[in-house]
There are 2 protein chains.
Amino acid sequence: MDNIKKFRELVKKQKAYQYALTMVSWDSNTEAPRGAFERRAEMMGVISSELFKLSTGEEYQKVVNELFNIIDTLEDSLQREIKKAKKNLDKIVKVPEDEFVAYRKLVDLSQKIWEDAKEESNYNLFKGNLKSIIEFQKKFIEYYDIDDLPYNILLDEYEEGMTMDEYDLFFNTLRKDLVPFVQEVLKAKKTYKSDFTGDSFDVKKQEEFCQYITDEFAFDRSRGLMKTSVHPFTWNTHPGDVRFTTRYLKNMVLSSIFAAIHELGHATYEQQVDEKWNDTLLSGGTSMGIHESQSRFYENMIGRSRAFWETHLDKFKQVFPTELKGVSVEDAYRAANKVEASMIRVEADELTYPLHIMVRYELERLIFSSDIDIDDLPKLWNEKMEEYLNLTPQNDEEGILQDVHWSGGMFGYFPTYALGTAYSAQIYYTMKKELNIDEVIKNRDIQLINEWLKNKIHQFGSSKTPREIMLEVTKEEFNPKYYVRYLKEKYTDIYLTK
Amino acid sequence: MDNIKKFRELVKKQKAYQYALTMVSWDSNTEAPRGAFERRAEMMGVISSELFKLSTGEEYQKVVNELFNIIDTLEDSLQREIKKAKKNLDKIVKVPEDEFVAYRKLVDLSQKIWEDAKEESNYNLFKGNLKSIIEFQKKFIEYYDIDDLPYNILLDEYEEGMTMDEYDLFFNTLRKDLVPFVQEVLKAKKTYKSDFTGDSFDVKKQEEFCQYITDEFAFDRSRGLMKTSVHPFTWNTHPGDVRFTTRYLKNMVLSSIFAAIHELGHATYEQQVDEKWNDTLLSGGTSMGIHESQSRFYENMIGRSRAFWETHLDKFKQVFPTELKGVSVEDAYRAANKVEASMIRVEADELTYPLHIMVRYELERLIFSSDIDIDDLPKLWNEKMEEYLNLTPQNDEEGILQDVHWSGGMFGYFPTYALGTAYSAQIYYTMKKELNIDEVIKNRDIQLINEWLKNKIHQFGSSKTPREIMLEVTKEEFNPKYYVRYLKEKYTDIYLTK
């Protein structure tokens, strides 16, 4: 009993330090002046190091271990907390502190190195750091001494319980069923009249429209806000304070809108988590994959639906009367769902997106399951892009160097992007049995979708695993067939019919 | 030597916690949604209590006391730090913890009670809390066991080294020399054609003009920013990140402008403190009074000068061509210096302002130097307002209850407002010997004034006492005659000449 009280106290303290760090990061990403950063790093270094001490200290270890020894006597949610805490601790305490510090330093420096390498489009400038990061990761995995394959251990860090076996099955399905379909679509005649990229869309007006959309999605502004930043992101400290950003590109109005709706999905998830988890390790969304499933659901299943554009094109045209003169619902819908093979993942459309992820997954899999030479990655990258998308990157910038993740040591993260999108399709077909989604959208009643997701997914925070969520919501394990079915139905209609 | 290192470490840690609290307060005052506050209070409660432990803990006490014992062997600035630290500690450790906690609770609750009492304009609703706060303060002062008068101890907390003797001399000068002059001016015919309050001045355009002003004052935007909030304030974590806010009132454009310039003064002070004090107890402006002297210098000596309006009226009219049609420099200058007896301190003009403070000072002096009945304060307040400003408040809201300070236990704070303004006049006459201030303003070279103040005052942060600053800058002790002279010269010209 004393241990439970102690555990609660220590967790709450960690939460407070995390809160402070999170607040400062919001400011850093939205408005802090240049002059803030040097001292900020120093001050936040002190707070981070206190947090690290708290979350790995002997006192915390002792209480977690003692509770772990009597775990069967604890109530369910506390069992889950203790297992999570124990799992993390067991890893961290096995890594020698000096190596951990050296690794943190390496990673801190590598982002800048990656930026420079990307700017010069020269993989050679970055590959030394990349090799060192990978070596550290492999060494750490050995220290963990967990009876599993190295890449599985990394995959589990971003999506609890997911393994190469399941991801292989998933990506094999995509390779077999989706790649030929994508190639067929790419060969079809383009069906959109305009992609709204040529014109210049006033940024203030874009913001006005996105504020309108935010209200249409019933985002609770008393418990959050929307702002701008260089890269869109969602931020939260607890369900009462959930913020998201987007960025407005003058010549890519649809991109601005979908970035906002995507983040709105993440934000709605966080706003709808039950406040009862606030002081526990079970607060916030349960995994990267489930989180992405929500953002993609809002972005693709709602925002890119025909029903959505039937309902909101009028307002869109009201904001941009000149720019959108003569645009029909069908024009807008098709522009929102334009398919085009492209080099850059973050700019990819809904249909080709997972193939970008597949390339990255296959490379990561090789890195951690074979003796692949890190020097060969750009070549391999380019071959796979050619195979799946018929495109050959002309240089490292638009190839292997395009994404920041590896410079931060994030291996195992990428596949959750595709997995989450696939989850969203499976959730979509489940929801359709209970809600007429198109009607809900046309009736401007998205609140009903929010409530459905709150009841089935959001409220539970991290108290359920992604696997439990998928099983309880959809009554079956994750199955990629729904994703393929969704994409084929939608894009056959747009590109291959008539 | 080890003690110095330890002291530095402990101070730096305190700074980091303070940094986090400061960041969160910025967010609270500028954009946090309503839903943030409850949990925020809980989380920041944890951080505050850690900070309290750090800054009063045995480890810190030990190192401060040991360094205090060898203080003569330390270098000057460290001597000053240790004295400051020791002085604070000696007070805090003498107050029993349970009483301190009870007091903090009382104060936290009292702000809301004051708000309600003010809204209902009913002093009786607040006086119980006020009595308890005063009792606590008197008790704490006894605990401190300092050989000085109670009110002197409070005055010293806000303006190091200032005593009732000096304040009495200051306010006696005002009572004797300024009150009759003010009454003469109040009887004179009003000299302003328009006070620019009747019109409706677009808020976006006000902001545009204030941004222009901010640049004219050479505010370094790479190390700070300007935003809006309900009440204007200046905020900083260190000289590299200094922010200030203003608020735009549609029907009081001059008030918006002067609020911005006032905060700009505070902000410029903080931006120009030498970064070498960052990790010490000597960072930031040295006292409330010196700080106010800077904000008032920028607001009154620059912003309300004839030279300023000669230089910037064109731009002002460019932003508001219709609203300012036919306004001359003299019109603008006189509107900016309109004198009017009024009930509310924060809305008072430059000339009548110190009399509001004098009322508050005399009441505080009575509270802590006599057995005055707290029930009688409203009556006393009203009598003094009658005596100095020929106005009788019709109710508690526009009388004794107008200011928040007492509900937060801030006794001894008010007089620094008037003192700072008086400092600014003494500094003004010193600066005039070295700079042709009017020419500088007309040449749009305010940077020269910034530099003068940086060299003489700002750079030193808190490494010098207010008394040292005044003596070194002006070559004499604080002397209220400059303030009276400044006001008489200026307002004789505007109101009593011709």
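Trainee: Where is the place of A:Asn443 in chain A?

Mentor: This is a predicted model. A:Asn443 sits in the loop between helix 17 (437–442) and helix 18 (446–456) of chain A.

Trainee: Why does A:Asn443 count as exposed?

Mentor: A:Asn443 has 12 C-beta neighbours inside 10 Å. The cut-off for exposed is 12 or fewer. Therefore A:Asn443 counts as exposed.

Trainee: How far apart are A:Asn443 and A:Thr311, in sequence and in space?

Mentor: They are 132 residues apart in sequence. C-alpha to C-alpha, A:Asn443 and A:Thr311 are 8.2 Å apart in space.

Trainee: Now strand 3 (residues 241–246) of chain A. What makes it largely enclosed by the rest of the structure?

Mentor: Count its buried residues. A buried residue has 20 or more other C-beta atoms within 10 Å of its own. Six of the six residues of strand 3 of chain A are buried, so the strand is largely enclosed.

Trainee: Which residues point which way from strand 3 of chain A?

Mentor: A:Asp241, A:Arg243 and A:Thr245 point one way. A:Val242, A:Phe244 and A:Thr246 point the other way. All are buried.

Trainee: How do you know that strand 1 (residues 224–228) of chain A pairs with strand 3 of chain A?

Mentor: Pairing needs at least two bridges. Five bridges join strand 1 to strand 3 of chain A, and the two run parallel. In strand 3, A:Arg243 is the bridge partner of A:Leu225.

Trainee: And what joins strand 2 (residues 234–238) of chain A to strand 3 of chain A?

Mentor: Four bridges do, and these strands run antiparallel. A:Trp235 has A:Arg243 as its bridge partner in strand 3. A hairpin of two residues connects strand 2 to strand 3 of chain A.

Trainee: Over to chain B. Why is helix 9 called roughly parallel to helix 10?

Mentor: Helix 9 (residues 203–216) and helix 10 (residues 253–271) of chain B pack at an angle of about 30°, with their axes 10 Å apart. Angles under 35 degrees count as roughly parallel. So helix 9 of chain B is roughly parallel to helix 10 of chain B. The crossing is right-handed.

Trainee: Which residues meet in that contact?

Mentor: From helix 9 of chain B come B:Gln206, B:Phe209, B:Cys210, B:Ile213 and B:Thr214. They meet residues of helix 10 of chain B, including B:Val253, B:Ile257 and B:Leu264. By class, the contact has eight nonpolar, three polar and no charged residues.

Trainee: What is the phi of B:Ser121, and what of B:Ala218?

Mentor: Phi is near 50° for B:Ser121, a positive value in a residue other than glycine. For B:Ala218 phi is near 60°, also positive in a residue other than glycine. B:Ser121 lies in the loop between helix 5 (97–119) and helix 6 (124–144) of chain B. B:Ala218 is in the loop between helix 9 and strand 1 (224–228) of chain B.

Notes: Residues are numbered from 1 along each chain as its sequence is written. Chains are lettered from A and ligands numbered from 1 in the order in which they are written. This is a predicted model: local features need pLDDT of at least 70, side-chain atom pairs count only at pLDDT 80 or more; totals for chains, interfaces and linings use all residues. Axes are lines fitted to C-alpha atoms, for helices over the stretch in contact, and angles run from 0 to 180 degrees between N-to-C directions. Angles under 35 degrees count as roughly parallel, over 145 as roughly antiparallel, 65 to 115 as roughly perpendicular and the rest as oblique. A crossing is left-handed if the near helix is turned anticlockwise from the far one by less than a right angle, and right-handed if clockwise. Two residues are in contact if their C-beta atoms, placed from the backbone, lie within 7 Å. Ala, Val, Leu, Ile, Met, Phe, Trp, Tyr, Cys and Pro count as nonpolar, Asp, Glu, Lys and Arg as charged, and the others, Gly among them, as polar.
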